[in-house]
Amino acid sequence: MSRRRESFAVQLNNQRSGPAGRRGSTYAQRLSLAEHVGTATDEVTAPFTSTFAPNEMRQLALVAHNHMKPAMKQFIETYSEILKKFRITGTQTTMKMCKSMWGEDDPAIHYGLTCTSGPLGGDAQIAALMCMEDLGGIIFFVDPLSAHPHQADIDSLLRLANCGNVIVCPNPASASSMMHTLRCALLKGERARGMIPSFFETLESPAVEEYKHAQAVALANVIRGKSPADPAPQAAEPPKEEKKVMDTGKRAVSFGDDVVEVAPEQGAKHTGPSISDTEIDRALMGQSMMFSDARLQALLNNDSDDDSDDDSDETGEVVAVPTAKVSKGLFGIKTKTATKSKTRMNMKKLGKSVRKMIIKD
């Protein structure tokens, strides 16, 4: 006979009556925990000297909803020794609390941007700081029991923080724990940059790389005159062994997995198939799917240099070449190149440029 499954209430009661430490239910246990918290807080709030200057790190934002402002004030008072080592930014009320406690004339304290009130755009201003790559962390005491007129701004700020892999502490418990990490990193210096990487580097969520790939496919489809929703080309079959080119003056050129024999520019006829527009399209979509790829960027630069006379016939409409960003690991640390703009090229001109690069190679 099968055993009847216990109800949720029975399971919960069994959990409560389980081993000590699973739930601090007695007064003695709560008192002991409070003593441990007090000891840990005294250690982390002791005066110390930071190895980083505030202007060497990105800003730290402090935000609190109305019912959480008393908790934020207590948090600032408790952890002032650590918070003052950063450039503090935040909404208007929170910044007033900081300045009233720390003063405005202390040269050792560097205040960041004072944003407006949250419902008037303060959360959006903090999100803009993050997009401008000058925000390393957010301590945001969220009120989970009240409705907010600017809920869309709150959601946007937290979503962008996740996209940028920025440190976020949404309640006092997580913020207090983060203070231990921040103090340790500030004491260790250069060796501890990896403990708080978002204060020094621009990071990305691991999901961003997949999104950028989808965007690159959509852009490639639009340039080729297709719908942005068209799927990416299927992966080609495993590459075959390359043809050995005899000493007839021909050379092999690779389009993805196909090898095409190309005659020298001066002339002799070649026995391989000609390079058609279809093959060029395949090369662009297959070999250079990511339009931030260095090869395609060089192609665009080469076309601009070699065909300056042809540029005068263009419409003058400018499109931005996507910035190259390389994601690495969980933190998604990326490297940037300056964003450049190029005159839009039609497919005929782009095909001509591909042929030129092939011959030069």
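Helices here are DSSP runs of H or I with at least four residues, strands are runs of E with at least two, and both are numbered from the N terminus. This is a predicted model, in which local features need pLDDT of at least 70, side-chain atom pairs count only at pLDDT 80 or more, and totals for chains, interfaces and linings use all residues. Residues are numbered from 1 along each chain as its sequence is written, and side-chain values use heavy atoms, with hydrogens and water left out.

**View 1. The end of helix α6.** Glu133 follows α6. Its phi is positive, near 65 degrees.

**View 2. The buried side of α6 (residues 122-131).** Gly122, Asp123, Ile126, Ala127, Leu129 and Met130 are buried (under 20% relative accessible area, with exposed over 50% and partly exposed in between; 1.4 Å probe, protein chains only). They cover an arc of only 150 degrees around the axis, so they lie on the same side of α6. The arc is that of the directions from the helix axis to the C-beta atoms. Their cover includes β1, β2, β3, β4 (135-141) and α7 (151-163); contact means heavy atoms within 4.5 Å.

**View 3. The end of α5.** Gly103 follows α5. Its phi is positive, near 85 degrees.
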